[in-house]
Amino acid sequence: MEKENTITTFIKSELENYELKLTAKESGREGVDFLIGTNEFFLQSLDLDTIDRSAKIVKKDLGELNDNLFIALVLIIEDEARMVYLIPSRDLSQSNSNIFLNNDVSLMPSLSNWEIRISVHTIPKIVKYSIENMADKLKN
């Protein structure tokens, strides 16, 4: 819980630099944690100090992909939140991407997930989702 609070504080601080205010979502479907205006945010962290180099988001937790749903992906390096990417949920369905994968599990649909891969090869491609590149889109 403390780590989650640290991540939330980091995101709020980063967004304030762009005059964006992140507020907790008090009602609605599970998984959507925050709002910026009418945009909903699903918080996902990825600890790059571990072996894992991808974040998996259970499809039923995220819900249907839409224009006002974003994934706030926080990269943790050396036990500290360092980077935030704001990924429009619809971008998860990009078919020929080596960043976003659609993992459908037909025998157990509850295990189906969206996967976001992070590596030295994908970091240059996800820069377009950095806060500085997404801030103007969130102000509209």
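Predicted model: local features only at pLDDT ≥ 70, side-chain atom pairs only at ≥ 80, totals over all residues.
**A tour of the aromatic rings**

Searching the whole structure turns up 2 aromatic pairs.

**Stop one: Phe41 and Phe70.** Select these two and show their side chains. The ring centres lie 5.2 Å apart and the planes meet at 20°, so this pair is stacked; the cut-off for stacking is under 30 degrees. Now colour the strands. Phe41 belongs to strand E3 (residues 39-47) and Phe70 to strand E5 (residues 69-77), so the pair links parts of the chain that are distant, 29 residues apart.

**Stop two: Phe100 and Tyr129.** Move on to this pair, where the centres are 6.0 Å apart and the planes at 65°, so the arrangement is edge-to-face. Here, too, distant parts of the chain are linked: Phe100 is in strand E7 (residues 100-103), while Tyr129 is in the loop between helix H3 (123-126) and helix H4 (131-139), 29 residues away. Phe100 and Tyr129 are both buried.

**Stop three: Lys59 and Trp114.** Next, select Lys59 and look at its charged end, which sits over the ring of Trp114 at 4.3 Å from the ring centre.

**Last stop: colour by pLDDT.** Which element has the highest mean pLDDT? Strand E8 (residues 113-117) does, at 92, whereas helix H1 (residues 2-16) has the lowest among the elements, at 85.

How values were computed. Residues numbered from 1 in each chain as written. Heavy atoms only, no water. Phe/Tyr/Trp six-rings, centres within 6.5 Å; stacked < 30°, edge-to-face > 60°. Helix = DSSP H or I, 4+ residues; strand = E, 2+ residues; numbered from the N terminus. Buried < 20%, exposed > 50% of the residue type's maximum accessible area, 1.4 Å probe, protein only. Lys NZ or Arg CZ within 6 Å of the ring centre and 35° of its normal. pLDDT = per-residue confidence, 0-100.
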